[in-house]
Amino acid sequence: MGLGVREISCSGEPVLDSENGEELMRLQPGVDVVLGDLPCESPGTLYITTKQVIWVSDVDKTKGYAVDFLSISLHAISRDPDAYPLPCLYTQIDTEEADEDHSDSESNHIQQDLSNITEMRLIPSDPTQLDALFAIFCQCAELNPEPNDEEGEEHDWVFSADQMEDEEAIDDEGYMSHNPANSIGHSNGNHDLARTILELQINDRRFEDAEEMEDDGDDTHH
């Protein structure tokens, strides 16, 4: 399977690859999905397996989307209404370069559009389920390490805002425009993204804690 979001067809519950050890980790009803800048699709049921995340429409049971955990480079809980109006699980998705040769069929156009999706938001009707969903995502990310990881390299990082003093001060300009404050994040295999999600968490606190960060740094720096 390639990287990125793909459209799937199923009849009711998706079929898992049990022969290769794929297991269902969590089934969450009442979840909306937003792919990139596309309109929100709802309602639907979320299936989280040991290998992938699957969303199936409750309106049309044959329609759904799937993305492998190997394609999910970052996930975080977002509760900042400035980032998105509703509390959600925000994910960043790695994609492949689209092939230049495509037929003119409608299905290929749809898949080509999905191949450009780099963000996905999962919005449960019950926001109190976000922490549980996040924990499952972390667990499944650890089950799917990047195949080209350097030996012995630590890469599965989970951050909380209290850990900011362990990092260097981050540029005021920041690294990305998406800013889900009050979030916790997990990066699987990408240190730059790990720093990014740390900044997302601490954006509202970095000035407040500047004095403490100075004390932990060079005593001669003012």
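Hi everyone, let's start with a pair of side chains: Arg-6 and Asp-68 meet in a salt bridge, with N and O 3.3 Å apart. A salt bridge here is a side-chain nitrogen of Lys or Arg within 4 Å of a carboxyl oxygen of Asp or Glu. The two partners come from distant parts of the chain, with Arg-6 in strand 1 (residues 6-9) and Asp-68 in strand 6 (residues 63-68), 62 residues apart. Helices (H or I, at least four residues) and strands (E, at least two) are DSSP runs, numbered from the N terminus.

Before going on, a word on where this comes from. This is a predicted model, in which local features need pLDDT of at least 70 and side-chain atom pairs count only at pLDDT 80 or more, while totals for chains, interfaces and linings use all residues. Residues are numbered from 1 along each chain as its sequence is written, and side-chain values use heavy atoms, with hydrogens and water left out.

Back to our pair: are Arg-6 and Asp-68 buried or exposed? Both Arg-6 and Asp-68 are buried. Buried means under 20% relative accessible area, exposed over 50%, and partly exposed in between (1.4 Å probe, protein chains only).

Why would such side chains pair at all? Side chains of opposite charge can pair when their charged atoms come close.

The structure holds four salt bridges, and I'll show you two others. Glu-41 and Lys-63 join through their side chains at 3.1 Å, N to O. Glu-41 sits in the loop between strand 3 (31-35) and strand 4 (44-49) and Lys-63 in strand 6, so this bridge ties together parts 22 residues apart in sequence. Glu-41 has 18% relative accessibility and therefore counts as buried, whereas Lys-63, at 28%, counts as partly exposed.

Next, Arg-79 bridges to Asp-131, with their closest N and O atoms 3.3 Å apart. Arg-79 is in the loop between strand 7 (72-78) and strand 8 (88-93) and Asp-131 is in helix 2 (residues 130-143), so parts 52 residues apart in sequence are tied together. Arg-79 is partly exposed at 38% relative accessibility, and Asp-131 is partly exposed at 44%.

Now let's zoom out. The chain has four helices and eleven strands, and 41% of its 222 residues count as buried. Taking contacts (heavy atoms within 4.5 Å) with a separation of 6 or more, 67% join residues 24 or more positions apart.
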